[in-house]
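The sequence and structure are shown below.

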Amino acid sequence: MARRRQRHHAAGDGPAQHGQCGVDLFFVLSGYLIYGSLMSRQQALLPYLRRRARRIYPVYSCVFVLYLLLSWALPSESRIPAAWPQAVAYLASNFLLLSGFTAAPPFISVAWSLSYEMLYYLLIPLLILVFDLRRRSRSWRGRFFAVLTLLAGGLFAIFGGPAHLLLFIAGILAHEALAAPAWRAPPPALAACAVPCALGCLLLPLALLLKLALLACAFFLLCLCCFQARANWLARLFCWTPLRWLGNISYSYYLIHGLALKGAFLALALFHPPQAHGLAFFLLLMPLMLVLSLPPAMTLFLLVERPLSLLPSQASVPAMATAAVSSPALPAAGNSPPG
């Protein structure tokens, strides 16, 4: 499955590959935030995993049930196998976020990335514990993750595998670099140019690992520039209120936008029958589709994600208050990546 996914990524069209980059950037940010949170203080494994599940599953479960209802109402669009034993196994593997590592197409198309996210959530505390990373020097940790990247990249190149996990390591290295006094933020112009250059390389006939390496370097520079020197124009650009608002609902948007766009295109077909169009029509249609896909995402965020995943439970308030006093620099629980 991993080799098939890699071949599809490498041979896919330009828009599909560029759309994938949003997930890659999210992996970098997730690597940065989760690693930083775990390195700042020791955390019991089970409470940590419960927090991660609480961040992911309320929204995912809601969208999962919605897909189930639509599969029942529109059987021609359903991906669920007809035979009930296969159907149960298929739905169970998808609900447990294993779809990114199976041959069957995911029940929710974008949910493959949550498989990678959960795998990272499981692996990184084990790495920190087994190699005692909190007691190691920053230079030792940098070398450790550099060697880990080379080893994992070599294995992925030879045997296939979830190569996008390497983007998490870019976020880890960004965290280590930001904590090192010797590192200086790159010029905003360099960071701003690195990302479109890396995106342009996606259109070239390059190996997937090389494309991921270029993206990782570009996002690494972008994180350093925006997180270390927050007064520069690039950091201020990403603090623009509409972008921050979109960032707040990004997880809900990510899971629901496929259904929203499907419904929007079906509605559009009633007024404008589908036919071949050029690039200009596609570009003109994008803002309209964005506007139409925002209300479902905002509804999901306000009704499900915010009350069930972001607002602290009553039991966790004292613990969070203690953590805030002892470690005021830690990111808030609601700002940690969902997956």
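## Arginine 184

Where does arginine 184 lie? The model is a predicted one, and in this model arginine 184 is placed in the loop between H7 and helix H8 (188-201). Its relative accessibility is 61%, so arginine 184 counts as exposed, the cut-off being over 50%. In space, the C-alpha atom of arginine 184 is 7.8 Å from that of glutamine 228, although 44 residues separate the two in sequence.

## Overall make-up

The secondary structure consists of 14 helices and zero strands. Along the sequence the pattern is accordingly α-α-α-α-α-α-α-α-α-α-α-α-α-α. The protein has 339 residues, of which 40% count as buried. When contacts between residues at least 6 apart in sequence are considered, 76% of them join residues at least 24 apart.

## Packing of H3 and H12

Two packed helices are described by the angle between their axes and the distance between the axes. For helix H3 (residues 45-73) and helix H12 (residues 250-271), the angle is about 10 degrees and the axes are 10 Å apart. Angles under 35 degrees count as roughly parallel, and H3 and H12 are therefore roughly parallel to each other.

On the H3 side the contact is made by Arg55, Ile56, Val59, Tyr60, Val63, Leu66, Tyr67 and Leu70. H12 contributes Tyr251, Ser252, Leu255, Ile256 and Leu259. By class, the residues in this contact are eleven nonpolar, one polar and one charged.

## The nonpolar core

The largest nonpolar core contains 79 residues. Ile56, Tyr60, Ile108 and Ile124 have the most contacts inside this core. Two of these residues, Ile56 and Tyr60, also belong to the H3 side of the contact with H12. Helix H9 (residues 208-228) supplies the largest share of the core, with twelve residues.

Which residues does isoleucine 124 touch, leaving aside its neighbours within four places in sequence? They are Ile34, Tyr35, Leu38, Tyr48, Phe145 and Ile172. Among these contacts are Tyr35 and Phe145, whose rings also pair with each other.

## Aromatic pairs

The whole structure holds 20 aromatic pairs. In one of them, the ring centres of tyrosine 35 and phenylalanine 145 are 5.6 Å apart and the ring planes stand at 90 degrees, so the pair is edge-to-face. Tyrosine 35 belongs to helix H2 (residues 14-40) and phenylalanine 145 to helix H6 (residues 138-159), so this pair ties together parts that are 110 residues apart in sequence. Both tyrosine 35 and phenylalanine 145 are buried.

Tyrosine 120 and phenylalanine 168 make a stacked pair, with 4.3 Å from centre to centre and 10 degrees between the planes. This pair links distant parts of the chain, since tyrosine 120 is in helix H5 (residues 112-130) and phenylalanine 168 is in helix H7 (residues 166-179), 48 residues apart. Tyrosine 120 and phenylalanine 168 are both buried. The two also belong to one aromatic cluster, together with Phe27, Phe101, Trp112, Tyr116 and Tyr121.

## Residues with positive phi

Most residues other than glycine have a negative phi. Leucine 97 has a positive phi, near 65 degrees, and is not a glycine. Its place is in the loop between helix H4 (84-95) and H5. With a relative accessible area of 2%, leucine 97 is buried.

Aspartate 132 likewise has a positive phi, of about 50 degrees, although it is not a glycine. Aspartate 132 is in the loop between H5 and H6. Is aspartate 132 buried, partly exposed or exposed? Its relative accessibility is 33%, so aspartate 132 counts as partly exposed.

## Methionine 39

Methionine 39 is part of helix H2, the helix that also holds tyrosine 35. Its relative accessibility is 14%, so methionine 39 counts as buried, the cut-off being under 20%.

Which residues are in contact with methionine 39, apart from its neighbours within four places in sequence? The contacts are Ile128, Leu133, Arg134 and Arg141. In the case of leucine 133, the C-alpha atoms of the two residues are separated by 7.9 Å, while methionine 39 and leucine 133 are 94 residues apart along the chain.

Methods
Residues are numbered from 1 along each chain as its sequence is written. This is a predicted model: local features need pLDDT of at least 70, side-chain atom pairs count only at pLDDT 80 or more; totals for chains, interfaces and linings use all residues. Side-chain values use heavy atoms; hydrogens and water are left out. Axes are lines fitted to C-alpha atoms, for helices over the stretch in contact, and angles run from 0 to 180 degrees between N-to-C directions. Helices (H or I, at least four residues) and strands (E, at least two) are DSSP runs, numbered from the N terminus. Angles under 35 degrees count as roughly parallel, over 145 as roughly antiparallel, 65 to 115 as roughly perpendicular and the rest as oblique. Contact means heavy atoms within 4.5 Å. Ala, Val, Leu, Ile, Met, Phe, Trp, Tyr, Cys and Pro count as nonpolar, Asp, Glu, Lys and Arg as charged, and the others, Gly among them, as polar. A nonpolar core is a set of buried Ala, Val, Leu, Ile, Met, Phe, Trp, Tyr and Cys residues joined through side-chain atoms within 4.5 Å. Buried means under 20% relative accessible area, exposed over 50%, partly exposed in between (1.4 Å probe, protein chains only). Rings of Phe, Tyr and Trp (its six-membered ring) pair if their centres lie within 6.5 Å; planes under 30 degrees apart count as stacked, over 60 as edge-to-face and the rest as tilted.
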